Structures are given as C-alpha cells and as structure tokens.
2 protein chains.
Amino acid sequence: MSANPIIDERARRVLTAIIETYVETGEPVGSRPLTKKHGFNLSPATIRNIMADLEDLGLLTQPHTSAGRVPTEKGYRYYVDACIGAGDAFKERLTEETQYHLESVRKDASAIVQDVTQELSRSSSQLSVAVAPRFLKSRLSRVELVPVRGATVQAVVISEEGIVRNMLLDLNEPYTSKHLRRISGYINRHLAGYTVREARERVINQVLEHKAAYDTLMAEAMRVGQVIMERQSEDRIFVEGVSEALQRLKFRSRDALRDLFRAIEDKHLMIQVFNMVEEMESGVQVIIGSENPVGEMHDCAMVASPYLREGRVIGTIGVIGPVRMHYPSVISMVDRTARFLTRVFSQEEGGAAADGHIGKP
Amino acid sequence: MSANPIIDERARRVLTAIIETYVETGEPVGSRPLTKKHGFNLSPATIRNIMADLEDLGLLTQPHTSAGRVPTEKGYRYYVDACIGAGDAFKERLTEETQYHLESVRKDASAIVQDVTQELSRSSSQLSVAVAPRFLKSRLSRVELVPVRGATVQAVVISEEGIVRNMLLDLNEPYTSKHLRRISGYINRHLAGYTVREARERVINQVLEHKAAYDTLMAEAMRVGQVIMERQSEDRIFVEGVSEALQRLKFRSRDALRDLFRAIEDKHLMIQVFNMVEEMESGVQVIIGSENPVGEMHDCAMVASPYLREGRVIGTIGVIGPVRMHYPSVISMVDRTARFLTRVFSQEEGGAAADGHIGKP
DNA sequence: ATTAGCACTCATTCTTATCGAGTGCTAAAA
DNA sequence: TTTTAGCACTCGATAAGAATGAGTGCTAAT
C-alpha cells in the first residue's frame with residue numbers, strides 16, 4: 001500500500017505538491033510558482049524535467065501546450081494510494097458534533113444513518129450518500145401484528161439487536177386480535193433466531209410442506225412471513241447536501257450535472273456502486289472518475305466506506321464530490337463516520353436503536 | 001378572478017401571446033415575429049403601440065432599448081390571474097399513471113405523498129415538494145406499545161382514518177407486556193377520539209391533576225402520550241426531482257441555485273411558504289418571484305395547492321420551477337395531483353393507508 | 001385608429017492584436 | 001551526471017474595434 005516503486009521520493013513530493021496546489025487553486029500549476037510556494041531547493045527547470053517525467057508516466061497532463069500541469073485520474077489514484085500519509089491532521093473535528101447530535105435524540109436505525117449522512121455532508125461540504133442498514137444477515141427476534149382497520153395490519157419487526165422496522169400490510173381477511181396473535185405466534189416460532197436469508201428459505205420450505213394449508217391462519221402466517229422477509233432486504237438510500245454539491249461540483253455542462261443526479265436518484269445504480277465498495281471490504285475506498293462503473297459519475301469522485309455490525313458489512317456511507325477534492329480530509333471524515341456508525345450499531349446496550357427518549361424534566 | 005378591467009380584450013390577447021411565446025423560446029419577443037406567428041390582423045406597428053401601453057402598466061419590460069419585450073413578474077401575475085382560461089387541454093395525462101402507481105403497491109400516508117410527489121415531479125418535469133399529512137386535526141384511534149428491548153418500545157399510533165405512524169421511544173424503566181398493555185390502555189381510554197390538539201391539552205390537564213402521580217403506570221402513560229402528541233405534529237417535507245430541476249432552473253448564478261436548494265433543505269422556510277399557500281385555501285396558488293416570502297426563491301415560481309381530508313387542509317403539494325414556466329399545464333397538474341391526494345385521504349374504505357398488499361397470485 | 005417608412009439603438013458576433021504564463025530545448029555550470 | 005540559466009515558441013485569455021441585424025419609437029400617410 002505504501003511504497004509505490006515507480007517513482008522516487010523527490011518526484012513523489014513534486015506530485016503531491018502539484019496535486020495539492022491544484023486542488024486548492026483549481027488552475028494548472030506551473031513550475032515557477034511551485035518553486036516559490038514550496039521550499040524545494042530546485043530551480044523551475046529541474047521541476048519541469050520532473051514534471052515531464054511524471055507526464056510520461058501518465059500522472060500529469062497539460063490542458064494545452066503552454067499551460068501548467070494538471071493531475072490525471074491516474075495521478076490522483078497514485079496520490080491517494082502512495083502519497084497520503086495514514087496519519088494526518090484532519091482526524092479531529094468530526095466525531096464530537098456527530099455524537100452530540102445522535103446522543104440528544106434517539107432514532108431508529110434508518111434515521112440514525114440519515115442523520116449521520118446529513119452530518120457528513122455538512123462537515124465535508126460535499127454531497128453525501130448512504131445505504132440504510134440491511135438486515136439480511138441480522139437475526140429476527142420477534143414480529144408483532146397490530147390491527148389497523150379492516151384487513152390491514154401494521155407489522156413491527158424486531159431483530160435480535162433491537163433494531164426495528166415497520167411495515168403496513170394487507171391480510172386476506174380481517175382477523176381478530178386473538179387470531180393475529182396466533183399468526184404472529186406461528187411466525188415467531190418458526191423464524192425467530194434465523195437471519196433473513198435463512199428465514200426466507202424456511203418460509204419457502206414451510207409453504208411447500210403444507211401445500212394444502214391445513215390451517216388458514218398458518219397459511220396466512222407463512223405468507224406474511226414471506227412478505228416481511230422480502231421487505232426486510234429492501235435497500236433504502238439517503239442523499240444529503242444537494243446544496244453543498246451544487247457549490248462544489250463544477251461540471252463541463254449543466255446536463256452532465258443533471259445526469260449525475262439522475263444516476264444518484266436511480267437506486268439500482270447506486271446499489272451497484274455501493275456493492276463495489278463493500279466487496280473491497282478494506283475500509284475507505286476511493287473511486288476516481290472513470291473507475292466508477294456508472295458512466296454518469298465519470299466526472300466526479302466518490303469516497304466511501306462500509307460500516308459493520310459485529311464484523312459484517314451492513315451498509316455503506318460516503319461522499320460524492322469533484323475529482324479535484326481534498327482527499328486527505330475527506331477520506332479521514334468518511335473513515336471516522338463509518339467507524340462511528342459501526343460503533344453505534346455494534347454497541348450492545350439497547351439505546352442505539354431507540355427513537356424518542358422521553359425527557360426527564 | 002376572471003375579468004380584470006385594467007386592459008381591454010385585445011391587449012390581453014397580445015399579453016397572452018407574448019408570455020406564451022416567451023415561455024416557449026426564452027427570448028424577448030418582438031412585434032414582427034409576433035404578428036407572423038399569431039393571426040392578429042394587426043401590423044407590427046400597432047402591436048408595438050399595444051406593447052408600449054402594456055409596458056406603461058408594468059406588465060412588460062425590455063431588457064435593453066432595442067430588444068423585444070419580456071414579461072415582468074406583474075405581467076405573469078396578470079396572465080395567471082386573468083388570462084388563463086379555467087378549462088384547458090392539459091387536464092388529461094396525469095391521473096391514470098398516478099393512480100396506477102398507487103394502486104399497485106399500497107403505502108402508508110407519508111409514503112403515498114412521497115410517491116405522488118415523485119410522480120408530480122416526473123410528469124411536470126419540475127422540482128416537486130410536499131409536506132406529509134399532518135394529523136393535528138386527525139382523531140386518535142388507538143396506540144399500541146410493542147416492547148423492543150430493555151426500556152425501549154415501539155409505539156404504533158393509529159388515527160380514526162386508519163392512518164398509521166410509528167415511533168420508537170424510551171420508557172423510564174422496562175415494563176412487562178402486561179404493564180405495557182395497561183399503559184396503552186390508559187392512553188387509549190383518555191385520548192381516543194380526540195384530535196392531537198385536543199389530546200395534547202388533555203394530557204397536560206391530566207398531568208396537572210395527578211401531580212402526585214398516584215400510579216406510576218398512569219404517570220408513564222401520560223408522559224408517553226405527551227411525547228406521541230408532540231411527534232405527531234412534526235412536519236416532514238419531501239423533495240423530488242432534483243435532476244429535473246437542474247435541467248429547468250437556469251439561474252443568474254450558480255450560487256443563486258445553491259441558495260435555493262439551501263432554502264428548500266431548510267424545513268422552516270418551506271413550512272413558512274406552505275403555510276402561506278394553506279392560508280389562501282382556495283385551491284392552487286401561484287407564487288411568482290419576489291412574491292415569495294423566502295428571499296432565496298425570488299428567482300423562481302412556485303405552484304402549490306393544499307390537499308384536504310374531509311374539508312380540512314392536512315398538507316400541501318406543489319412544484320418549484322422557473323418564473324418562465326408553462327403555467328397552464330403546471331397549474332393543471334398540481335391541481336389534479338392535490339385533488340387526487342384529497343380523494344385518496346378522504347375515501348373511507350381502508351385501503352388507502354395500507355402498505356404492502358400481499359399479492360394474490 | 002391603423003399602418004408604412006425611416007432613423008436610431010444596442011446586444012451579439014466576428015476579427016484582429018496584444019499579453020503573458022508556461023513550456024521545451026540547448027548550452028553552460030556544478 | 002545533474003542542475004541551472006537563457007531563449008524562442010506556443011497558445012489561451014483579454015481587449016478593442018467593426019459589422020450585423022433584430023427591434024424600437026416616431027412621424028406622416030391611409
């Protein structure tokens with residue numbers, strides 16, 4: 001990860017300096033100004049030679065013959081991989097605020113992620129996106145059915161970690177409370193303790209076994225169980241900080257910007273990207289420009305990290321920003337944020353999944 | 001509403017023609033092209049005279065001395081008030097699709113509004129916003145408490161219309177299911193049948209009466225009731241169609257665009273605007289440019305309409321677009337959409353508030 | 001009351017010239 | 001062998017001028 005052997009230390013320092021001043025100014029950086037600002041003990045001419053080498057390696061380009069140098073995507077990639085020291089001065093700042101916001105009012109799992117996403121967008125001044133925790137690997141603890149009216153019931157689904165999801169669903173016919181308890185009883189008996197994935201299989205087996213449903217309630221229970229399982233695995237995506245994004249993301253054309261948002265609004269595309277991040281598994285991932293599988297996102301970079309519960313990935317959070325962004329600080333913020341979510345979802349004491357602390361006066 | 005006496009019929013026709021071609025082309029419209037396209041039996045010179053009159057009235061301007069005319073905000077206002085016939089050819093189109101989408105999968109109240117907002121954004125190709133139904137005037141039917149873990153419970157709140165809301169909350173201490181039933185029993189006994197507003201008062205009175213809470217459960221119940229009431233009145237705002245908006249909303253500066261989104265992301269400001277719409281009460285409202293109380297929205301227009309349940313306003317839905325927008329069609333779409341929501345929330349049969357029809361194969 | 005004609009205005013577009021930051025290359029210095 | 005100084009060259013960006021043409025206002029004729 002650290003020492004990339006292609007170029008020597010000096011060239012690396014130059015590359016870093018170029019990228020960092022380019023990120024700052026947004027303008028192609030020339031050799032003379034670079035020597036002024038940075039304390040290299042080298043003349044512009046020497047810098048130019050190094051620049052030429054870096055250009056041969058494909059890490060820099062010139063927009064036109066007589067302009068300064070601009071980093072290429074490959075250049076950013078190299079910079080991110082090899083030039084950013086692990087320990088930087090950007091690590092403070094985030095956590096206190098975030099924690100503060102979360103501690104003050106308790107939320108359910110999705111709301112926590114949404115809040116944190118918003119927080120991340122604010123602190124990074126960037127568009128921020130996340131997928132809500134998925135409970136595919138979470139173990140079901142209990143299901144309660146609350147009659148609403150007619151054949152409609154509200155299902156309250158609780159995982160072993162005390163994470164709650166709600167869904168409205170229609171039964172085949174109105175049942176009495178007593179019958180509803182029977183139905184949820186069936187479900188709890190057969191599915192409690194299993195992950196959503198396992199439970200789904202069990203439901204299917206049960207349905208097959210009891211094809212000629214000997215008990216209407218049992219059949220209803222199985223059907224309800226199935227719907228619940230299907231809904232459980234649905235993904236929910238949060239997008240926060242549109243206004244921040246508008247400020248930062250300068251695009252070739254306005255249409256490109258619109259296409260980006262179209263892509264972001266398209267669940268499937270985002271899921272695709274998030275999956276990519278999760279497959280890597282090793283903390284913060286940086287996806288630069290055309291590395292992104294989604295074409296509409298070729299003009300921007302994404303910094304994202306999965307967050308875990310008990311060692312398993314349950315979701316992803318990250319930011320989308322211009323390729324020309326301040327990676328060290330953003331990477332650090334995303335890392336912190338993902339770790340924070342991991343901590344929240346892993347801590348055992350029940351508070352993490354509650355919404356609405358009744359204030360004691 | 002219809003006949004505004006300031007200008008005569010012919011001038012009105014000219015104004016309408018100018019605004020409509022301007023909306024179409026986006027360029028100042030001159031006298032000669034206007035006579036070509038439209039079948040006025042008048043020469044350019046005459047049109048110019050009429051234009052000059054309209055300019056004196058403040059309904060038109062010229063960007064510079066020798067350009068065509070452009071409508072002023074006042075011009076749009078006059079056009080909207082006096083020139084748009086009530087019946088137009090734009091009334092078809094929306095309803096079928098929307099209904100289709102809603103009928104296929106059932107949702108809870110907020111989700112319905114969110115879906116419809118998205119639909120409105122798509123069909124109008126505009127940024128679309130809405131406030132979720134507020135139940136301040138809705139009557140409470142029942143509250144159920146489902147234990148989650150420890151002292152955390154999930155409250156399922158059901159209104160008399162079968163509309164459901166969920167919230168997690170922490171009790172003072174863990175209670176058994178039996179005790180929880182007692183607590184919800186108290187709440188249901190004291191608050192069922194009252195509107196949120198009335199219930200809130202009752203809670204306060206109850207608390208005062210039983211200051212030296214003779215029953216812990218009772219005290220807990222009252223506290224829970226209070227929290228539920230407070231949460232019930234919270235507003236939730238939906239914003240859909242950012243990508244559409246980016247396409248349409250051309251702004252003086254990009255900063256102005258960002259400011260607009262900042263304003264939209266600011267709940268309080270949006271609520272302020274929505275309140276304005278609701279106070280008018282008479283169907284679709286058009287807020288043009290600087291008529292908007294929110295400064296950041298001076299560069300765009302908003303077309304919005306409250307939606308009702310049983311004659312009472314419970315929320316608002318609308319679109320935000322450029323001042324230069326095709327008002328007749330947008331007004332019609334917003335109107336249709338609001339009426340649709342009104343119908344959905346007013347229809348008695350229980351389906352409208354259900355989420356998750358269990359498909360019969 | 002309407003229209004034709006004409007002089008005038010002024011944003012837009014195109015051309016041309018200038019400027020200057022920055023490079024590459026070569027030859028000298030270290 | 002590496003670094004530096006010097007110089008010619010490139011090319012975007014800016015500015016100034018000239019031509020274009022759509023559109024108006026005004027006046028006089030219909």
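Tutor: In chain A, helix H6 (residues 109-124) lies across S3, S7, strand S9 (300-309) and S10, and runs at about 30° to S7(A). The model is a predicted one, in which local features need pLDDT of at least 70 and side-chain atom pairs count only at pLDDT 80 or more, while totals for chains, interfaces and linings use all residues. Residues are numbered from 1 along each chain as its sequence is written, chains are lettered from A and ligands numbered from 1 in the order in which they are written, and side-chain values use heavy atoms, leaving out hydrogens and water.

Student: What makes helix H11 of chain A a helix that packs on the sheet?

Tutor: Helix H11 (residues 254-265) touches S3, S7, S9 and S10 of chain A, and its direction makes about 20° with that of S3(A). Contact means heavy atoms within 4.5 Å; the angle is taken between N-to-C directions, from 0 to 180 degrees, of axes fitted to C-alpha atoms, for helices over the stretch in contact. The elements themselves are DSSP runs, helices (H or I) of at least four residues and strands (E) of at least two, numbered from the N terminus.

Student: How do you know that S3 and S10 of chain A pair?

Tutor: Two strands pair if DSSP finds at least two bridges between them; strand S3 (residues 127-131) and strand S10 (residues 312-322) of chain A have four bridges, in the antiparallel sense, and therefore qualify. Within this pair, A:Ser128 stands opposite A:Val319 in S10(A).

Student: Which order do the five strands of the open sheet take, and why are S7 and S8 of chain A called edge strands?

Tutor: The order is S7-S3-S10-S9-S8, with antiparallel pairing. Strand S7 (237-240) and strand S8 (285-288) each pair on one side only, which is what the name of edge strand records.

Student: Why is A:Ser125 called partly exposed?

Tutor: Its relative accessibility is 21%, and the class runs between buried, under 20%, and exposed, over 50% (1.4 Å probe, protein chains only); A:Ser125 therefore counts as partly exposed. A:Ser125 is found in the loop between H6 and S3 of chain A, with a positive phi near 50° although it is not a glycine. Most residues other than glycine have a negative phi. B:Ser125, in the loop between helix H6 (109-124) and strand S3 (127-131) of chain B, also has a positive phi, about 55°.

Student: Which residues come nearest to DNA strand D?

Tutor: Of the 22 residues around DNA strand D, A:Arg10, A:Ser43, A:Thr46, A:Ser66 and B:Ser31 come nearest; a residue is near a strand if one of its heavy atoms lies within 4 Å of it. Helix H3(A) gives the most to this surface, four residues.
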